[in-house]
Amino acid sequence: MCCLPFCRTQSQMGLWESCLHHLKSLDIPSDAGDVRSSTNANLQHANIATIVKNKDLDSLIKFGGVPGIAEALHTDLEKGIPGDEQDLNFRRSANPISKTEPSPTFFQCLLKACNSYIIFLLLLSMALYLGFGIKKEGLETGWYEGFIILVAIIIIVVCHSIRDFWRETQHRSSGKHELSEKMETVVEVLRGGSQKKLSSTSDIVLGDILCIKRGYLVPADGLLVPGEALELDGQSESIIHDRNPFMFYGAKVISGNGRMLVTSVGMNTEWGEMMRKVIQAPNKTPLQAQLDKVNTWTEIFGLLISILIIVVLFLRLTLENEDDKPGLPSLKGKPSTIKDLMDAVKRIIVKPTGQLSMLITSLNMLLVGVIEGYPLVIIVSLAYGNKKALSGNALVKELSACAILGSATAICTDKIGGLTTSTVQVKTCRIGGEDINGDSVIHPDVIDALCYGIYALVLDQENPCGLEEEEVVSWAKSRLGMKQDILKQSCTFVGAEELNSNEGGSQVLLRKTRGNETVECLHWKGPATTILTQCSSYYDSEGKKKDMGEKRMDFEKFIQQMQSKKLKTMAFAYKEINDSSEENSLILIGLLSLRDTDWTETKEAVQACRNAGVNIKMVSSDNISELRDIAVQCGMSDPNSLVLDGNAFRNYTEEERMDRVDRISIMGNALPSDKLLLVECLKQKGHTVAVIGARTDETPAIRQADVGVTMGTWSTKMTKETSDIVIFDDNFSFLVTIMRHGRCAYENVQKYMQHELTMVIAGLLVTFITMGHSGDAPITAIQLAFGSVIVGIPGGLALLTEPPAEKLIGKQPVGQGGKLITWAMWRNIITQASYQVAILVTIQFKGKAILGISPKVNKSLVFNSFVLCQVFNLFNCRKLEKKNMFQGIKKNLWFWVAVAVIMGLQAAFIEIEHWVGGSARLNCAQWGTCLLIGMVSWVIDCIGKFASDLITHCIGSISRYTWV
């Protein structure tokens, strides 16, 4: 609790004049005649902040300790700052809260979307359409096609702007915004001798005295006022006292009350300075950036083909002697009936000669060439894959997070990231109906009662603690802030007795001192099922005692759930002997679930990561010897790896850090800034980095990483909000499962992109060649749109939902420099596209002579063959490098469903088009021809892969022979 202020007063001017004395003690150059006092004050404030951020106790003592800092900041440790408006304005100007760059407005996103190669090419295409159209058709009707492209440009720009604006909004809301937005809470300060409440952390100013209580989050950097002690969770050094008074933003007070002198606020805190480096980081994930790159090149390719077609058509039309009148009708007058309107639309779309107008060709090219945004099937499949991979054991905030984790080449983790030397781990603590985590606020009386119950385990000298009890005691020290020396002074051990149960358990009688009173309490500890039957009431997290009643069923259900997960449950209860001596009158304090640490499972997980080409780097504030022990237990020890101190890494030159960063496996005595620096170096070296963290001061490194992960229930709220993946369990081996599914998701995206690119390239080239040669395309816009939809959506889902293979985890990761479209994929794309273009163009020009069919049947045959080639290419795309395309196909039921759906829809479309549009119907023999054309793609795929392997083998043999 905050002490009442003294009645003593001190002149504010006198305090400001004392600054020069302390400036000299820090060897800050000053010139009383030339340098203004405000400049000196700013320099001093910067040095004070440096002392705190570096935890420089020697400089703090030299400065005069916390009282000296308070004097330099013109703060009375008992009364706080004066708090008048002039004083507050001066303090805000001396140490302003840095503002991050504001989010771009929608209009700015709109301007950015207009500045792209795609828009330039579309504008060029629009100009060509307008020029050629007006020249050929006249001003009255020649502007139609150009206007359609203008509408397409507007749609694309608006869609891009909405997408970018949404991304930026998500980017800012995911943790990369101001500190004041991260921690909006009521804080108590001393100003002018009285305690005041501030509604926002942004109202805190330099020199404020904050009243800190159990459960509070530290809202700034500062120093603990002497004579008090706190325990924090969320920063590396948890015990705060006179010899370690340094407190940092975001840490949570888990024990004690006190006062803090504020030395830095806002983005000037240590956490804020680290986050400032991260705020400007790209807001696209690596997978998003790669997909955007592929989409952009596809758009450019499609638009270039479209422009070439327009040029070719214009040259053909200008060279030909046509007597036709302009094919596009005037839109003068308004259609009076629906029939008139339909006739007008028909006259616009079809020329009097029966040829498709350039309007349809432009729509055709825009439909195929311009791919706007991410395909819907990728989003749906990633969501489905994440749900299937995580099985309710984790939460993914970014859809592509699992795929990025699968591509990771380095994982940076603290020892709490699933790696520990403990033989038993406390998994869950339940008080009342609430599972306690790192952000829970528990009433002090409940914490004290639970600590006494746990401390009673070590008082019974006749029955020494086992490994299980020792872990519970260790957990209570780290999570509950239990102080054994304080408990020892406040209670006396009277006696202990084992419970009448085959499952173990004990009851310990303690004599406690409460002020001038002495109370005897009987503490029970044992199996949850045994202890629960003896309880008639329980404590909730607010410290209220409630009758057990129907709540007993909830506790029993919780115990059953823990037992179903093979976790052991332990209960703590007590009663005061003076109040009641009834047998079944215990008060339930809390339930713990414990799990035995399986080192075999952890070692297998670590070895699986190493086999997968993923380097695990343990970065912690603990000493190196303890981290070495964990590395040995987990199988991380490597004689060729580098073990170093965080201070040494910090003092390396940039060249030295880059030379050694790949070899680092353990970094002890590391600051949060050291972990952030390590992540930056790894990314500069081309690594895809995953960071596992639980404390608030680790959030900058989590945000800087390509994918951030937090594990266990004891992670802080801010860490969970910042991470891309939140794993409810702290089992390190679950990361391997996510990595395997992530690699599968990435490979499935590659399969889908290979299939889509093949279809786009083949469709564009067939249209370009046939339009350039004869001025007519065999595949209409409606047919191409329908084929793209029925093959792209069901077929895409079939490829994107391929189950993961065990061998995937043994492959090397893609990494940051990996390409989404690999050489093997380009080989497959070129092979299949070349075959499809060759066979379809041949049928278009020679089908009538070879097959003896009519022009209408020939067109239907070309379209049907094009669709069936895409269907059979789905089988080829299942294996990017292997020749056996049918391997594991039985495991994916959705693949067969997709093939059946596509074939059924295609057959229905052929019949409907014949009935509505007058196209030709295909007989059984012609369908067989189309199926044969599609099946030949299997042979082409095998030949292409075999030839590629043969060439690679020959080149390798020649290289080895030349070397020898």
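The structure is a predicted model, in which local features need pLDDT of at least 70 and side-chain atom pairs count only at pLDDT 80 or more, while totals for chains, interfaces and linings use all residues. Residues are numbered from 1 along each chain as its sequence is written, and side-chain values use heavy atoms, with hydrogens and water left out. The chain has 34 helices and 26 strands, where helices (H or I, at least four residues) and strands (E, at least two) are DSSP runs numbered from the N terminus. Of its 964 residues, 54% count as buried, buried meaning under 20% relative accessible area, exposed over 50% and partly exposed in between, with a 1.4 Å probe and protein chains only. Among the contacts in the chain with a separation of 6 or more, 71% come from residues 24 or more positions apart, a contact being heavy atoms within 4.5 Å.

- An open sheet of 8 strands runs in the order 10-26-25-24-11-21-23-22 with mixed pairing, two strands being paired if DSSP finds at least two bridges between them.
- Strand 10 (394–396) and strand 22 (642–645) stand at the edges with a single partner strand each, so one side of each is left without a neighbour in the sheet.
- On average, and with direction ignored, neighbouring strands of this sheet are turned by 15° against each other; axes are lines fitted to C-alpha atoms, for helices over the stretch in contact, and angles run from 0 to 180 degrees between N-to-C directions.
- Strand 11 (residues 410–413) pairs with strand 21 (residues 615–619) in the parallel sense over 4 bridges, with Cys412 opposite Lys617 and Thr413 opposite Met618.
- Strand 11 is also joined to strand 24 by 4 bridges, and these two strands run parallel; here Ile411 stands opposite Ala690.

- Helix 23 (residues 624–634) touches strand 21, strand 22 and strand 23 (664–668), and its direction makes about 140° with that of strand 23.
- Helix 26 (residues 672–684) packs on the sheet through strand 11, strand 21, strand 23 and strand 24 (689–692), its direction making about 165° with that of strand 24.

- A second open sheet has 6 strands in the order 2-1-3-9-4-7, with antiparallel pairing.
- Its edges are strand 2 (194–198) and strand 7 (246–247), each with a single partner strand, so one side of each is left without a neighbour in the sheet.
- Strand 1 (residues 187–191) and strand 3 (residues 209–212) pair in the antiparallel sense over 2 bridges, and Val189 has Leu210 as its bridge partner in strand 3.
- Helix 5 (residues 65–72) lies across strand 4 (221–224) and strand 9 (258–264), running at about 55° to strand 9.

**Strand 16 and its partners**

- Strand 16 (residues 517–527) is mostly covered, with 8 of its 11 residues buried.
- Strand 15 (residues 506–514) pairs with strand 16 in the antiparallel sense over 9 bridges, and Leu510 has Cys521 as its bridge partner.
- The hairpin of strand 15 and strand 16 has 2 residues between the strands, and Gly515 takes a positive phi near 65° there.
- Strand 16 is joined by 7 bridges to strand 19 (residues 568–576), the two running antiparallel, and Cys521 stands opposite Glu576.

**Helix 31 and its helical neighbours**

- The axes of helix 31 (residues 823–851) and helix 32 (residues 855–877) come within 10 Å and cross at roughly 155°, and that makes helix 31 roughly antiparallel to helix 32; angles over 145 degrees count as roughly antiparallel, those under 35 as roughly parallel, 65 to 115 as roughly perpendicular and the rest as oblique.
- The residues of this contact, including Tyr835 and Ile843 of helix 31 and Leu861 and Phe866 of helix 32, divide into 8 nonpolar, 9 polar and 1 charged; Ala, Val, Leu, Ile, Met, Phe, Trp, Tyr, Cys and Pro count as nonpolar, Asp, Glu, Lys and Arg as charged, and the others, Gly among them, as polar.
- The axes of helix 29 (residues 733–774) and helix 31 come within 9 Å and cross at roughly 35°.
- The contact of helix 29 with helix 31 has 13 nonpolar, 10 polar and no charged residues, among them Leu757 and Ile761 of helix 29 and Val837 and Leu840 of helix 31.
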